[in-house]
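Have the viewer open as you read.

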Amino acid sequence: MPDTSATQSPIPYVNIGAQFAEERDELMPIIEEILMSGMYVGGPWNEKLEAALAELCGTKHAVALNSGTDALILSLAALGIGHGDEVITPPNSFVASTAVIAHVGATPVFADVLPDQNIDPAEIEKKITAKTKAIMPVHLTGRVADMKPIQEIAKRHGLAIIEDAAQSIGSRYDGVMSGALGDVGCFSAHPLKNLNACGDAGFLTTDRDDVAEYARLYRNHGLVDRNTVTRFGSVSRMDQIQAAILYYRLGKMDALIEKRRRNVALYRELLDPELVFAPPCREIEFNTFHTFVIQVDRRDELQAHLGAQGIGTAIHYPVPIHLQPAAAYLGHKAGDFPVTEEQSRRIITLPANQNLTEAEITRVAASVNRFLSKGS
Ligand SMILES: *Cc1c(COP(=O)(O)O)cnc(C)c1O
């Protein structure tokens with residue numbers, strides 16, 4: 001039978017325009033009201049959003065910021081981490097996870113990952129020195145890292161935990177929300193994340209008053225009142241329009257996550273486990289699948305094959321951070337983090353967005369199975 005799939009409609013990796021189209025009638029009046037009010041960088045929506053996020057994550061504070069990257073930078077700075085300090089983090093994340101450590105003047109120290117792509121607690125333990133100040137696990141793909149052993153290591157060595165929870169809003173580990181599993185949780189609301197703004201935005205969550213206060217002052221020039229600065233800060237505020245959009249979308253987030261989980265469950269049912277490795281979910285976790293990443297042989301060929309049929313995929317991430325030109329000063333070479341490097345050649349992210357139909361997921365899965373079963 002001839003392969004007619006090339007003539008079928010494309011399956012986009014993401015469809016952010018479609019998301020907005022569904023919300024337009026409800027969102028536009030809110031946005032218009034804010035535009036008319038003239039209150040663009042602070043105001044009631046920011047406060048409503050912060051209260052809702054703190055409640056969702058089960059933390060005392062949530063601080064709205066301009067990006068996940070600044071949430072990470074402010075967390076490190078609030079904990080007093082800087083020159084001469086080391087922070088342990090995985091080398092297979094989005095570059096921001098490592099960049100922020102360098103940005104505050106500290107040294108990123110990498111620990112390799114597990115088959116599920118999250119940081120390996122046994123590797124963390126090996127990397128601890130007298131200079132280590134914090135562990136920064138990344139809850140990659142929306143799967144929470146194995147936090148129990150990480151919390152135990154942090155406690156034993158007196159280290160802080162900064163969760164890079166940029167991909168894991170709503171994800172849980174042993175009943176606890178990501179963002180409430182360490183000293184600080186750092187979230188991104190970038191358009192590609194599960195809770196997404198129409199531009200850059202992010203926030204941090206914490207039970208610690210000192211961290212929340214630091215972030216609240218720093219994001220607004222360090223101003224304690226209109227005319228008094230006690231410590232120089234910068235600008236890391238969230239725009240009111242983004243806060244309102246995020247507050248509105250927070251109300252729809254559970255449904256979005258459920259749809260993504262159903263999409264992934266269907267993939268798992270359909271993809272051939274002999275040909276495709278999809279990390280199984282542990283009993284203890286609730287995974288929100290910011291991305292659905294599988295590991296396969298002949299990854300580049302598979303991506304080209306799917307692309308030729310209009311099926312959008314992505315690679316998160318093709319170049320491990322320790323092999324980026326920017327990391328050359330750390331002196332790493334290929335082979336230093338073998339699990340991460342092997343995965344970087346085998347991972348591919350399949351479309352799992354909430355706008356996809358069962359028929360579309362079925363078509364993608366069939367195409368993956370068909371290609372991989374053909375051999376070389
Ligand atoms: C998206 C992301 C960030 C950065 O968030 P921004 O809001 O884009 O600054 C940091 N870490 C990880 C793991 C991310 O996926």
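In the side chain of Gln167, an N or O atom sits 2.8 Å from an oxygen atom of the ligand. Ser188 puts a polar side-chain atom 2.6 Å from a ligand oxygen, and for Lys193 that distance is 3.0 Å. A polar contact here is a pair of N or O atoms within 3.5 Å. On its own the ligand exposes 380 Å², and the protein buries 93% of that (Shrake-Rupley areas, 1.4 Å probe).

This is a predicted model, so to speak of local features takes pLDDT of at least 70 and side-chain atom pairs count only at 80 or more, while totals for chains, interfaces and linings use all residues. Numbering runs from 1 along each chain as its sequence is written, and side-chain values use heavy atoms, without hydrogens or water.

## The shell

Around the ligand there are 15 residues, with Thr69, Asp164, Gln167, Ser188 and Lys193 the closest (near means a heavy atom within 4 Å). By class, that's five nonpolar, eight polar and two charged residues, with Gly counted as polar. α3 (68–78) and α4 (96–103) are the elements that give two or more residues to this shell.

Elsewhere, three strands form an open antiparallel sheet in the order β7-β6-β12. β7 (176–177) and β12 (285–286) are the edges, each with a single partner strand, so one side of each has no neighbour in the sheet.

β6 (residues 172–173) pairs antiparallel with β7 over two bridges (pairing takes at least two DSSP bridges; strands are DSSP E runs of at least two residues, helices H or I runs of at least four). Tyr173 stands opposite Val176 in β7.

Key
Polar contact = N/O pair within 3.5 Å; in protein donor to acceptor, adjacent residues only side chain to side chain.
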